[in-house]
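Open the model and keep the viewer at hand. The text below walks from one site to the next.

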Amino acid sequence: MLDVPSETLLTTADRWLADFETALAGADWPGLAALFHADSHWRDVLAVTWDIQTVSGADRIVEVLKAHASGTKLRAFTASRNRTLPQRVTRAGTETLEAIFDFEAADGPGVGVVRLVPDAADGGTLKAWTLLTALDGLRGHGESIGKARPKGESYSRDFRGPNWLDLRQAAAAYTDHDPAVLVVGGGQAGLAIAARLTQLGVDTLIVDRYPRIGDNWRHRYHALTLHNQVQVNHLPYMPFPPNWPTYIPKDKLANWFEAYVEAMELNYWTATEFLGGSYDDKAGQWSVTLRLADGGEREMHPRHVVMATGANGIPHRPDIPALENFAGTVVHSGSYDDGHEWKDRNAIVIGTGNSGHDIAQDLYSAGAHVTIVQRSPTLITNIEPSAQLPYALYDEGPPLEDCDLIVTSTPLALAKKSHQLMTEQSKKLDQALLDGLERIGFKLDFGEDGTGWQFKFLTRGGGYYFNVGCSDLLVEGKIKLAQFDDIADFVAEGARLKSGETIPADLIVLATGYKGQDYLVRMLFGDGVADRVGPIWGFGDGQELRNMYVRTGQPGLWFIAGSLAQCRIYSKYLGLQIKACEEGLISPDRS
Ligand SMILES: Cc1cc2nc3c(=O)[nH]c(=O)nc-3n(C[C@H](O)[C@H](O)[C@H](O)COP(=O)(O)OP(=O)(O)OC[C@H]3O[C@@H](n4cnc5c(N)ncnc54)[C@H](O)[C@@H]3O)c2cc1C
C-alpha cells in the first residue's frame, strides 16, 4: 500500500529527486543504491548514455550511472510543475507514486519519470521502482517552433527577391546540393522523422516509390480504417482536427499525409525508388542511387540514410507444396485491392492475421464464397473494448506529451506485466467470441507468456487479428475455416484436403506476411552492411527493440518503424541523435 497523502506527493517526489542528485554529485554509490529497489529498472533515452537502453537491478543501475558520472553532469532535478503533477496510480498491477520531473543533462534539458514504491524490507521507505531519464532537446539547437518560429524576413521584406514558394521549391529540388539526411519511405515513419529533423534545421529529403504521398495507405483494402483510436495516432507537431472520426479511414489519413508534408514544409520526392548504396568511412557519407520519376537515376551523397520502409516491403511467400497446380489466380495480400470482381466466386485466404481476416471479410461482403486457412494459432481480440485497453492512458486526461513520456518510461518488464494483465482482461471480455471460435476448431493463442498482441507486434510484427466482424462470420459459418495441416495438396480447382474433399477456389490470397527489414538491408546495401547491423526489430535477449531509433553497427544508417504512436515518440529521439551527429556532439559510429 502506498501511504502518501495527496498533498505531499510533490514534496515526496522532490525529496527523492534531491537525494538522487546529491548521491550522484557526491559519488555516494551506496547512498545511490539505497534509493532503488533491488528489483528496479532505469531506462535512459540519450540523456546519460546517448543510447536507448534499460538497465535492471539497483547494483547494475549504480554501476552504469557511475561509469557515466563524470561526463553527464546531471543536475537541477525537480518534479515538473507545468506538467501532470505527481500522482498515485496503478501500473502493471502495482500502486505507485509516479512523478514527471525536469533536469539538466550535459547536452540539453532532460525530462524523466520516477515511480516510487515502498520497500517492505527497509521499513517501507519509498524507493525507485522505475526511472526514466530522457533528453528533451539540445542546448543551443532548439526547434524552430513557438517563439523560435521563423520570422520569414528572407521572403517578406525583399519585394524583388524570391518569395516563400520560390524558396520552398528551390529547397526541395536539390539541383545544386544533396541533403544531409535521406529518408527512404514516406509513410508515417518517414514523415515523423523528416518533420523532427526539419524543425532541428537538418536538411532532409524523403523519397518514396509511390507516385502520390499517402499511397501507402490509399492502396490498402477498400474498407480499411485504423485499428486504434484517433487520440493515440497524431503525427508530431500537428494533431488531427477535433472533429475527426474515432477510427480514421485510410484515404482520410492518406490525404492528411499530403497536407502534413505541405504544412510542415517537408522535402518529398514521389515516384522515386531507393536502389541501394555504399558508405565511405573516410568521407563519412553515403553514395546512394535513386531511380527518379522520369526513369533516370540520381546519385546522392547524404551523411545519413534513415530507413523508414515499413514492414510491408517484400511479400513473404512461403513454400506451399503443389500450389503451382492451382489453375486460378494467386495474389499476395499486399497486391489485393478489392473483392468486387470475385462476387459469386470461390476464394481461399491463407493466413489468419489481420490482413487474412480483413481480406476474407472484404471478399465475403463482395459476395464471394470464402474459406480461411489457418496455418498457426492466432491471437484474436475484439477491436473494442479489448484492443483499446493498452491505450486507456490516452483517454484519461494527461496531455499527449505526458502520455508519450509515461509510455516511454515503461521498461520492458513492466510492459510485459501490463500486457499480461490486459490479455487476461481481454480474454474475459471476449469470452463468448473465443468460445465460439474454439467450437469451430479455430486455434487460439495469447502470445508468449500471455503477453498478448502488443508483444506479438513488437517481436514478430503480426500473428493477431482485431475482430471487426470476420471472427463472427467464421463462428456463424458464413466464412468457412480449414486448417492448413488438413490440406493434402493443391489441384487445379482448389485445395484438396486429406479427407479427399476439395475446397473449390477461383482465387487464393496469400496473407502470409512480409520479409523483415534485415532482408531488405541485405538486398539494398549488401552483406557487409547487413552483417554489421544484425537483426532489426524484436528484442532478442535485450530489453530494447534491436537497432530501432538508435545508432546501428553501420555508421550513418538508421531505422524507424512502428505504430503511429511509436513513430511520433521515437522520431524525437532519432532526430536528436542525427542532429547531435551533425553538430559533432556524438559520432555516427556507435562503437
Ligand atoms: C488494417 C490496418 C490497420 C492499422 N491500424 C493502425 C492503427 O490504428 N494505428 C497504428 O499506429 N498503426 C496501424 N496500422 C499499422 C501501421 O501503422 C502501418 O503498417 C504503417 O503503414 C507503418 O508505417 P511505416 O511508415 O513504417 O511504413 P509504410 O506505411 O509501409 O511506408 C513505407 C513506405 O516506404 C516506401 N518504400 C519502401 N521501399 C522503398 C524504396 N526502396 N524506395 C522508395 N520507397 C520505398 C513504400 O513505398 C512506403 O510508402 C494498421 C495497419 C493496417 C493494415
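The side chain of Gln-188 places an N or O atom 2.8 Å from an oxygen atom of the ligand. That is a polar contact, meaning a pair of N or O atoms within 3.5 Å; within protein, one must be able to donate a hydrogen and the other to accept it, and residues adjacent in sequence count only if both atoms are side-chain atoms. Ala-189 uses its backbone instead: an N or O atom there lies 3.0 Å from a ligand oxygen. The protein covers 89% of the 980 Å² of accessible area that the ligand has on its own (Shrake-Rupley method, 1.4 Å probe; for residues, only the protein chains shown count as cover).

This is a predicted model, where local features need pLDDT of at least 70 and side-chain atom pairs count only at pLDDT 80 or more, while totals for chains, interfaces and linings use all residues. Residues are numbered from 1 along each chain as its sequence is written, and side-chain values use heavy atoms, with hydrogens and water left out.

Now take the whole shell. There are 27 residues around the ligand, where near means that a heavy atom of the residue lies within 4 Å. Asp-208, Asn-216, His-227, Asn-228 and Leu-564 come nearest. By class, the shell has 11 nonpolar, 11 polar and five charged residues. Here Ala, Val, Leu, Ile, Met, Phe, Trp, Tyr, Cys and Pro count as nonpolar, Asp, Glu, Lys and Arg as charged, and the others, Gly among them, as polar. Helix H6 (188-199), helix H7 (215-218) and strand E11 (273-280) each supply at least two shell residues. Helices (H or I, at least four residues) and strands (E, at least two) are DSSP runs, numbered from the N terminus.

Next, helix packing. Helix H10 (residues 400-408) meets helix H17 (residues 564-582) at about 80 degrees, with the axes 10 Å apart. Axes are lines fitted to C-alpha atoms, for helices over the stretch in contact, and angles run from 0 to 180 degrees between N-to-C directions. The angle therefore makes H10 roughly perpendicular to H17 (under 35 degrees is roughly parallel, over 145 roughly antiparallel, 65 to 115 roughly perpendicular, the rest oblique). H10 brings residues including Leu-400 and Asp-404 to the contact, and H17 brings Arg-568 and Tyr-573 among them; contact means heavy atoms within 4.5 Å. The contact residues divide into six nonpolar, one polar and two charged.

Helix H11 (residues 412-429) and helix H13 (residues 452-460) have axes that come within 7 Å and cross at roughly 135 degrees. H11 is therefore oblique to H13. His-419 of H11 and Phe-455 of H13 are among the residues making this contact. Three of the contact residues are nonpolar, four polar and one charged.

Two backbone details remain. Most residues other than glycine have a negative phi, and most peptide bonds are trans. Ala-76, in strand E3 (residues 75-79), has a positive phi of about 60 degrees. The peptide bond from Glu-384 to Pro-385 is cis, with omega near 0 degrees. Pro-385 sits in the loop between strand E18 (379-382) and H10.
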